Amino acid sequence: MKKLLFVYNSHAGKASIKAKLADIIDLMVKSDYQVTVRPTQYPGDAADTVERESRDYDLIVCSGGDGTLDEAVTGMMRLSEKRPIGYIPMGSTNDFANSLKLPKNVLKAAETALWGERFACDVGQFNDNSFIYVAAFGIFTEVSYQTNQELKNLLGHAAYILQGAKSLLEIESYNMQVEYEDVLLEGEFIYGMVSNSISVGGFKQIAGKNVLLDDGVFEVTLIKRPKNPLELNEIITSLLARVDNTELIYSFKTGRIRFLAEKAVPWTLDGEYGGTHMETEIKNCHQAVEIMVKARED
């Protein structure tokens with residue numbers, strides 16, 4: 001009999017998995033899996049569990065928000081022999097689930113995790129850490145990990161917007177050198193995003209068009225510090241229109257990028273706090289982890 005490790009965050013998405021848990025496990029058993037269930041106990045538990053126990057299983061299924069998937073991928077990236085990962089999204093935003101086009105219905109997503117096809121997905125290496133869909137710093141990036149779980153559950157996307165509106169009163173910038181390929185950028189930046197996702201923060205196409213999750217490159221967006229309200233309005237207009245028509249925003253693709261800052265910069269990795277760093281190197285690990293997605297129809 002095949003063996004399955006099911007790791008889930010019971011608090012994600014209004015704790016809605018509790019109502020579906022028995023049905024999900026029943027579906028796994030009916031799919032001829034011997035199932036081991038592990039509810040997460042602390043931040044980072046999913047990563048530790050996947051790293052410690054994956055070798056003994058044929059399939060790893062995780063359920064929660066994108067942070068839970070991030071942990072599962074992080075644990076898997078620590079291993080030389082990797083197992084496929086199924087993902088049942090339960091978070092308030094589910095950016096990467098949207099990019100993977102996973103079903104929004106919980107049981108349909110469970111079926112995809114069990115019976116779908118493997119998709120070899122790029123993974124980001126961030127210094128000694130990893131991320132699955134976005135590493136970012138600056139304005140709005142502290143929103144997701146500063147907004148408490150209860151507020152996220154009650155307000156969903158509105159929680160991000162409300163918390164972000166408060167932070168607009170104080171825009172901090174970071175003096176940086178940014179190196180990629182043969183290019184060197186220098187300046188004061190209020191925001192930086194290295195992503196591998198169609199949707200970030202619930203907003204689709206913020207990373208631009210033609211985003212592929214397995215092409216070996218990231219989509220990078222850097223926003224310079226505006227000198228006056230007119231420049232700030234220019235940035236906002238450009239972002240809302242999804243058109244890069246301002247010299248205040250850099251947009252490009254690369255497989256490797258390095259940031260050197262004058263002071264420690266707080267980063268977020270997949271919506272969770274990623275520590276502060278003065279020197280950051282990010283590289284694309286091409287098609288490093290297999291995630292289960294909907295099978296293509298012939």
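Analyst: Let me start with a definition: on a 1 Å grid over the protein atoms alone, a pocket is an open set of points with protein on both sides within 12 Å along at least five of seven lines, whereas a cavity is a set of points where a 1.4 Å probe fits but cannot get out, and lining residues have an atom within 4 Å of a point. This is a predicted model, in which local features need pLDDT of at least 70 and side-chain atom pairs count only at pLDDT 80 or more, while totals for chains, interfaces and linings use all residues. Residues are numbered from 1 along each chain as its sequence is written, and side-chain values use heavy atoms, with hydrogens and water left out.

User: What makes up the lining of the second largest pocket?

Analyst: Its lining has 15 residues, of which Ser99, Leu100, Lys101, Phe119 and Val293 lie nearest the centre. Strand β5 (residues 117-126) gives the largest share, three residues. About 410 Å³ of space lies in this pocket, a volume being the space filled by probe spheres set on the grid points, which are joined across faces, edges and corners.

User: Why is Cys121 called buried?

Analyst: Buried means under 20% relative accessible area, exposed over 50% and partly exposed in between, with a 1.4 Å probe and protein chains only. Cys121 has a relative accessible area of 0%, so Cys121 is buried; Cys285, with 14%, is therefore buried as well.

User: How do you know how many disulfides there are?

Analyst: A disulfide is a pair of cysteine sulfur atoms within 2.5 Å, and by this rule the count comes to zero.

User: Which residues of helix α3 are buried, and what covers them?

Analyst: In α3 (residues 45-53), the buried residues are Asp45, Ala46, Ala47, Thr49, Val50 and Glu53. Their cover, where contact means heavy atoms within 4.5 Å, includes β1 (2-8), β2 (33-39), β3 (59-64) and α4 (66-77). Helices (H or I, at least four residues) and strands (E, at least two) are DSSP runs, numbered from the N terminus.

User: What makes β8 and β9 a pair?

Analyst: Two strands pair if DSSP finds at least two bridges between them, and β8 (residues 174-180) and β9 are joined in the antiparallel sense over seven bridges, with Val178 having Leu185 in β9 as its bridge partner. They form a hairpin with two residues between them, and Glu181 in the turn has a positive phi of about 50 degrees. Strand β9 (residues 183-195) also pairs with β7 (residues 134-138) in the antiparallel sense over five bridges, where Ala135 stands opposite Val194.
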